[in-house]
Amino acid sequence: MAKKSRVARKKQAAANRKTVTAAQNVKKAPAVEAVKEETAAVKAAEEAEAAEAARKAAEEEAKAAEAARKAEEEAKASETARKAEEEAKKEENDRIFAQRLERHHDELRWLYMELYGNDDMFAELCDQMKRYYDERNDKLKTLDAEREAEGEWYRKRDMLGMMMYIDNFAGNIKGVQEKLPYLEKCNVNYVHLMPFLDSPKGRSDGGYAVADFRKVKPELGTMEDLSELAEKCHEKGISLCMDFVMNHTSEDHEWAVKARQGDGEYMSRYFFYADPSIPQEYEKTVPQVFPTTAPGNFTYLPELGHYVMTTFYPYQWDLNYRNPRVFNEMMYNFLYLANQGMDIIRIDAVPYIWKELGTNCRNLPQVHTIVRMMRMIGEIVCPGIVLLGEVVMEPDKVAPYFGTVEKPECHMLYNVTTMATTWNTVATRDIRLLRKQMDIVCALPREYTFLNYLRCHDDIGWGLDYDTLKTWGMEEVPHKKYLNDYFQGKTEGSVSRGELYNEDLVTGDARFCATTASMCGVESAGFEQDEQKMDQAITKDVMLHAYMFTQSGIPMLYSGDEIGQVNDYTYKDDPEKAPDSRYIHRGKFNWDLVDNIGNKESVQGKIFQALDKLEAIRRNEAVFNTDAEVYTKDYSDQSVLWIIRRAEGEELHAVFNFSDYPKTIWMPETAEYTDLLTGKKAEVTTVDLPGWGFFWMKKKL
């Protein structure tokens, strides 16, 4: 019983365990299923998410592909448009060039064939003109178009120039760019950069012996620097001027080097003669430019056994413009430089560029043919530029270089004779010769534009009208000696200081060198520490500038004159400069003096502020228009110069006292005048002028 009971109990326990297990299994089954379901759901979600991501990726890929397709289509369209625009632009440029060429072609060809009779060379010239036109950048072409539309842009009454040596003024071309704000402060909108093309040291003639027309002196910068400066100047409304030396090259120029080696092609670009009799024939009729320092017009080359023409210095070889290759190549140089952004091209020594045996080799008709062709070439390729002719001759020989209204040559010419005669007037206190020459200039057509200046980089040659002076008892030789003695300060009462240049001890002939301020007495007054003399020196300096502003044409300052800079004698310490006294007025610009221009009590402040005031009046008054009627008025006092300007119903009376003594000036009639210096209006009968004083009185007509 007990045994059975134990068996039963075991069975019952086993059954219970099974029951419990079954129960547990019953409870566990839903949980497993839940996990399975959850796992499946997660998997399904993941699969759905992946599918959605794949769908989105496909969509993005499709969008990217569509965008790429559109971008490609747009790029193609843009490229097509760009090409079409370029083609249209090219067609327009070709049309403009063709139109300009057609305007001048017949005359240009006729003149070219008259000189050279060479169709092939003329065709090459036309092809190269097109090339340089195509290479001219868009900004310059736009400027050309604006200036063509405006016409005579350079004749505005606010035009004010300044000439400078790059190294003296600012070290190099980039330095000039940095100093543009100062030039703006000086009211300057026309900057003449003195010669900066590559030339050999010690044999450069101040840069006028050019060894490479397409290279800047390394110490001054590069052509890229020049182009950048021109662009920055144009942004500020400033024009750039440079010298183009047409008459000769340096003996270091590539052509001259090859000619010296006996290459006939390059020898033909100069004047070479093995037979000494030909140079001797030239010498019979050709004057010498520098009879003391560089006598004769030829230099013998023993290594070649030939003479070469050297009108100026032995290291400057005259170009033979009877050779069309010379003309063409020099025109290509001209266009290359114009394409760097130059606005005014100063043609150096214009009268000398054509040589003929048996003549004086000056002002020959062929010179005018060449200048006229140059004018037309400029109007075809770069019509925004201006030709400035350097013609150091008396007025009747200068005026022809303007050409005619129908066939113009130079746009502007230097008023050299008036400059020299001005200083003659300062020394003699006699305005008669100056007035006579001003009358000649004023009688010329008003379209003629002169560049007026008191001083420049060069010496003053006393090429005065001695036939007229003789009638007043002034003989040439003693009068030249008087002038040179006066301006050196050797004459009693003279306040000027300076030095002679190219003095001929046999004839006594010489030229003179000094700055404007030193000639007016600023240097001597400063040395003597005499305030009264300094005031009179400043008065004289300002009066002469006012007189220059009153003349018909464009005024040009020489860098340093605006701050009264005096002679620089340190040139004598430089062996390369010491023999050339012209460096006395080619000293470094004194930037320390600029700090004083705001000080009304300083010499610099008095001169700078006075000039600033005069320039503002000139800019704002119609009587200073370039097309104004200008003439001189006779006055009983030979030391008083009276200039009248008329424009737009107004009349300016500009009167200048060229003497040390005060004057009472009687006006032509009692009338209401506006004193342009003070702005006051009043009825005026007489005006008191101090020694070296002036007034600008304006009235309505």
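Guide: Gladly. Let us begin with strand β2 (residues 190-193), which is covered on both faces: Tyr 190 and His 192 on one side, and Val 191 and Leu 193 on the other, are all buried. Please keep in mind that this is a predicted model.

Visitor: Why do those side chains fall on two sides?

Guide: In a regular strand, side chains alternate between the two faces of the sheet.

Visitor: How do you know that β1 and β2 pair?

Guide: Pairing takes at least two bridges. Strand β1 (residues 161-164) and β2 are joined by 4 bridges, in the parallel sense, so by that cut-off they pair. In this pairing Met 164 stands opposite Leu 193 of β2.

Visitor: Which strands close into a barrel?

Guide: There are 8 strands, and their order is β1-β2-β5-β11-β12-β13-β14-β17, with parallel pairing. From one strand to the next, the twist averages 30 degrees.

Visitor: How many bridges do β12 and β13 have?

Guide: Strand β12 (residues 386-389) and strand β13 (residues 412-414) have 2 bridges and pair in the parallel sense. The cut-off is at least two, so they count as paired. Gly 389 is opposite Leu 413 in β13.

Visitor: Asn 452 lies in which strand?

Guide: Asn 452 belongs to β14 (residues 449-453).

Visitor: Why is Asn 452 called buried?

Guide: Its relative accessible area is 1%, and buried means under 20%, so the word applies.

Visitor: What makes its meeting with Asn 415 a polar contact?

Guide: The side chains of Asn 452 and Asn 415 are 2.9 Å apart in this contact, and the cut-off is within 3.5 Å. The Asn 452 side chain also reaches the backbone oxygen of Ser 552 at 3.1 Å. Beyond its close sequence neighbours, up to four places away, Asn 452 touches residues including Met 548, Gln 551, Gly 553 and Pro 555.

Visitor: Is Ser 496 buried or exposed?

Guide: Ser 496 has 1% relative accessibility, which is under 20%, so it counts as buried. This residue is in the loop between α17 (476-488) and β15 (499-501). Leaving aside neighbours within four places in sequence, its contacts include Tyr 486, Phe 487, Phe 512 and Met 519.

Visitor: How many disulfides does the structure hold?

Guide: There are 0 disulfides.

Visitor: What about Cys 361?

Guide: The closest cysteine sulfur to that of Cys 361 is in Cys 410, at 20 Å, so this is also too far for a bond. Cys 361 is buried, at 2% relative accessible area.

Visitor: Which residues have the most contacts inside the largest nonpolar core?

Guide: That core has 182 residues, and those with the most contacts inside it are Met 129, Tyr 321, Trp 423, Phe 656 and Trp 696. Neighbours within four places in sequence aside, Met 129 is in contact with Phe 97, Leu 101, Leu 108, Leu 335, Ile 377, Ile 380 and Val 381.

Methods. Residues are numbered from 1 along each chain as its sequence is written. This is a predicted model: local features need pLDDT of at least 70, side-chain atom pairs count only at pLDDT 80 or more; totals for chains, interfaces and linings use all residues. Side-chain values use heavy atoms; hydrogens and water are left out. A nonpolar core is a set of buried Ala, Val, Leu, Ile, Met, Phe, Trp, Tyr and Cys residues joined through side-chain atoms within 4.5 Å. Buried means under 20% relative accessible area, exposed over 50%, partly exposed in between (1.4 Å probe, protein chains only). Contact means heavy atoms within 4.5 Å. A disulfide is a pair of cysteine sulfur atoms within 2.5 Å. Axes are lines fitted to C-alpha atoms, for helices over the stretch in contact, and angles run from 0 to 180 degrees between N-to-C directions. A polar contact is a pair of N or O atoms within 3.5 Å; within protein, one must be able to donate a hydrogen and the other to accept it, and residues adjacent in sequence count only if both atoms are side-chain atoms.
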